[in-house]
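Dear colleague,

Please find below the structure that I promised to hand over. My notes on what was found in it follow directly after.

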Amino acid sequence: MTERKVAITGIGVVNPCGLGKPAFSSNVFAGRSAVKPIGRFDASGYPVKIAAEVTEFDAEAFVPKRFVVRTDRFTHMALAAAGMALGDAGVSLETEDRSRVGVWFGNNAGGWDICERGFREMYRDGATLVNPWQATAWFPTAPQGYVTIRHGIQGMSKSFVCDRASGASALYFAERAIRLGTLDVILAGGAEAPLSGFGMSCYAGLGELTRNPQADSAYRPFGVGRDGFVLGEGSTVLVLEEGERALARGARIYGWLGRGVMAMDPLPHESEGWELCLRDCMSRANWVPSDVDVVFGEGAASPLGDRVEADVLTKVFGERGVPVTIPKTCYGHLYGASAATELAVALLAFEEGRLPPTVGVPSVDSDCAVDLVTSSRAQPVRRALISSRAREGTAVAISVQSAKPD
Amino acid sequence: MSTNMRRTVVTGIGVIAPNGKSPEEFWRNANQGRSFIEGDAEMEALGIKSRALCRIRDFDVREHMDEKLASDVAGEDRFVQIGVAAGAHALADAGVLGKYAANRVGAIFSSAIGGTPTVQKIWEEATHGGAGDLRYLDCGPRFYNAGMFNYPASLLARHFGLRGPCTSLSTGCTAGLDALGLAQQLVQTGEADVVLAGASEAPLATLTYATLDVIGSLSVAEGPPERSSRPFDAKRGGFVIGEGAAVLVLEAADAALARGARIYGEVVAYASDANAFHMTDLPADGKPMARVIESVLRVGGVAPEQIDYINAHGSSTPQNDVFETNAYKAVFGPRAYRIPISSTKSMIGHSLSSASLMGCVAALGTFATGMVHPTANYEVPDPHCDLDYVTRGAREARVGTALVTASGFGGIHSAAILRRLEGKR
């Protein structure tokens with residue numbers, strides 16, 4: 001029996017850089033950053049001044065009102081992205097065996113708007129007057145639940161929490177679920193909406209977000225003067241399909257998702273696991289390092305973290321041995337929607353024949369020997385690695401290959 | 001299931017529950033049918049309808065881990081503390097450390113609501129007591145660590161040097177079984193040799209009570225508080241919120257046998273589905289649960305006749321217990337009446353993500369003790385729930401194959417099959 005393969009046939013994005021694939025693609029490849037001073041809440045008392053907000057999203061344009069009132073912003077965005085992805089893939093669930101379809105998402109920290117609302121109701125109005133949607137709107141599995149209900153999806157569905165590798169965890173297990181035969185179609189990706197006053201208290205306390213207020217140059221992965229990344233919000237949903245069935249229905253195949261690898265480096269300066277992830281991920285795809293056209297890095301812009309990442313890349317690819325890009329510099333770190341968003345950018349790079357830029361890095365630090373793509377490069381792009389690492393050390397590598405012949 | 005999948009066994013158990021901080025204590029109390037549920041003055045003062053909860057009493061981190069780890073978790077939320085404690089116990093129980101390359105040992109954990117009590121406390125600090133205007137509060141990493149469900153697994157990985165896959169699930173009240181299922185998959189396919197499957201829940205905070213009470217989930221059953229979880233009883237009136245953590249060490253069977261490990265049982269199969277019906281309501285016919293039980297039997301190559309015990313979700317809500325009963329009838333037919341079914345929640349309440357791993361611990365207990373624990377607090381038969389719920393005390397039974405089920409918010413249903421290995425304890 002030949003091994004089942006995983007095709008990616010649909011892309012849905014709700015992102016600070018644009019709603020839907022065309023707007024998102026044009027802004028990301030042009031390097032038009034959506035990082036701006038925080039407008040969602042009064043950030044005057046906060047140490048963090050900038051974020052990447054989704055500003056033009058009207059949930060009711062995408063989602064029936066009855067779903068909108070019951071759910072938090074992160075679910076709104078997931079429902080919108082899921083609808084876009086299904087439409088883009090041309091998958092009609094009415095004619096599917098919906099027990100063979102699943103939803104596999106990442107979300108790191110639940111719904112922040114509903115969290116604040118619940119607390120306010122309880123402390124101002126009383127415990128008996130908390131809204132009835134609180135219990136199902138707040139928890140991180142809410143987007144999964146609502147997407148299954150909205151689309152009548154009945155197959156195995158799971159949601160993952162793993163810091164900055166939340167989205168990568170979902171993709172890792174989603175690919176396995178199709179390859180191992182549990183499911184035939186998966187809506188995979190994630191959603192995150194942490195940009196509230198209380199949410200920012202949570203994230204800013206970690207010290208991982210840049211406190212530089214200059215929106216156009218604060219987030220500097222691998223750069224001189226880096227002091228952290230920018231928090232974003234959004235949702236990316238991809239349609240994953242068992243390969244034979246995607247080919248049989250004549251679907252447009254954006255790319256083939258390879259077997260992921262997950263490992264753990266328990267301490268921040270350690271990187272054995274991360275290196276193993278990149279090496280095994282390539283060998284599982286039958287690639288050698290020179291086959292890889294681009295690496296979408298973690299690029300958390302911490303002084304130590306980027307040096308560790310640069311060292312890992314040097315060990316695997318040689319010094320400046322592979323183009324590395326961090327499109328997150330345009331739309332911020334999306335945690336649960338991370339990895340799926342970078343995977344979407346990789347698929348768009350296959351179509352565009354260009355590498356997307358890393359913006360806002362004044363100069364690459366001499367202690368990071370990476371070939372950072374600081375302006376868009378026109379070149380054939382066929383094979384990409386998506387590399388994620390959580391603050392606590394979980395590392396995940398995912399490979400994707402263009403469906404176009406070499 | 002393809003034939004080259006590796007068999008997976010449980011070689012370590014760590015449990016921190018209201019009824020026990022070791023598997024032996026848990027099993028002893030469960031077999032005695034003792035309820036650990038209590039009335040709660042704070043719930044009463046809130047003015048909500050429910051008055052009962054289930055707490056882990058006398059938990060001191062220093063009694064459950066070495067000094068270094070205890071100091072690492074000392075300032076963290078309780079779900080982190082009990083999750084780490086259960087993990088440390090499970091690893092010690094299995095004796096796997098040093099037996100495998102570090103990158104072959106992983107951890108898949110889960111939680112439904114993580115560190116809500118800490119998040120609520122920080123809300124109070126950031127709003128001058130709860131109702132004032134919100135201001136920025138610099139609380140360092142303690143806020144984030146309470147909200148990030150993979151923190152217990154990450155701390156265990158750091159302390160014990162576990163370098164294999166490490167992530168967590170957030171799938172609510174099925175999450176413990178889901179962690180078990182994905183952990184089993186990693187061992188079966190050779191992605192790892194040992195994986196800790198864990199769940200940790202310490203949800204006792206007034207926001208939790210208010211949120212669940214307002215939608216009628218929490219028990220309003222009449223009578224003394226210790227009897228307020230009454231699964232399958234006509235007078236049941238919702239679930240009792242509880243806390244608990246459980247961790248099972250899963251290991252490839254051949255390697256576990258070769259090293260002479262104590263084997264509690266085999267994880268035969270896991271399945272899960274989505275009802276696509278409602279975030280909280282359940283269809284009375286039980287079809288989504290019936291479908292997932294049929295799946296888990298198929299995946300495991302187990303005939304329905306082989307199931308001789310069910311540790312039920314048995315949450316004590318009016319809807320769930322009928323839903324489940326009908327699912328068992330649909331799958332097992334007339335034989336459904338002859339399978340002993342018990343609900344651990346009758347004694348320790350519902351610890352959300354952890355509850356289904358508590359069910360696994362109880363099911364493994366049937367192999368170890370030769371007893372099926374009772375469903376406590378059962379008094380009044382419900383004509384819609386007419387199966388054998390083991391309502392009159394523990395029963396001696398030679399259980400060979402057990403089914404564990406779970407249902408949760410988000411419309412998720414999961415099931416696992418555990419089997420005793422003959423000749424092995």
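Throughout these notes, contact means heavy atoms within 4.5 Å. This is a predicted model, in which local features need pLDDT of at least 70 and side-chain atom pairs count only at pLDDT 80 or more, while totals for chains, interfaces and linings use all residues. Residues are numbered from 1 along each chain as its sequence is written, chains are lettered from A and ligands numbered from 1 in the order in which they are written, and side-chain values use heavy atoms, with hydrogens and water left out.

I begin with A:Arg176, which lies in helix 7 of chain A (helices are DSSP runs of H or I with at least four residues, strands are runs of E with at least two, and both are numbered from the N terminus). Leaving aside neighbours within four places in sequence, A:Arg176 is in contact with B:Gln185, B:Leu186, B:Thr189 and B:Glu191. A:Arg176 is buried, with a relative accessible area of 2% (buried means under 20%, exposed over 50% and partly exposed in between, with a 1.4 Å probe and protein chains only).

The axes of helix 7 (residues 166-179) of chain A and helix 8 (residues 175-188) of chain B come within 12 Å and cross at roughly 65°, where axes are lines fitted to C-alpha atoms, for helices over the stretch in contact, and angles run from 0 to 180 degrees between N-to-C directions. The two helices are therefore roughly perpendicular to each other (65 to 115 degrees; under 35 counts as roughly parallel, over 145 as roughly antiparallel and the rest as oblique). The residues that make this contact are A:Tyr172, A:Phe173 and A:Arg176 on the chain A side, and B:Leu182, B:Gln185 and B:Leu186 on the chain B side.

Within chain A, the axes of helix 1 (residues 21-30) and helix 13 (residues 340-352) come within 11 Å and cross at roughly 80°, and these helices are therefore also roughly perpendicular to each other. Helix 1 contributes A:Lys21, A:Phe24, A:Ser25, A:Val28 and A:Phe29 to the contact, and helix 13 contributes A:Thr341, A:Val345, A:Leu348, A:Ala349 and A:Glu352.

A:Glu233, in the loop between helix 8 (197-204) and strand 8 (234-242) of chain A, is buried, with a relative accessible area of 0%. A polar contact of 2.8 Å joins the side chains of A:Glu233 and A:Arg73 (a polar contact is a pair of N or O atoms within 3.5 Å; within protein, one must be able to donate a hydrogen and the other to accept it, and residues adjacent in sequence count only if both atoms are side-chain atoms). Not counting residues up to four places away in sequence, A:Glu233 touches residues including A:Pro16, A:Arg40, A:Glu53, A:Glu192 and A:Leu334.

A:Asp365, in the loop between strand 13 (354-355) and strand 14 (371-372) of chain A, is buried as well, with a relative accessible area of 16%. The side chains of A:Asp365 and A:Arg226 are joined by a polar contact of 2.9 Å.

Finally, nine of the 10 residues of helix 6 (residues 142-151) of chain A are buried, so this helix is largely enclosed by the rest of the structure. A:Gly152 follows helix 6 of chain A and has a positive phi, near 65°.

With best regards
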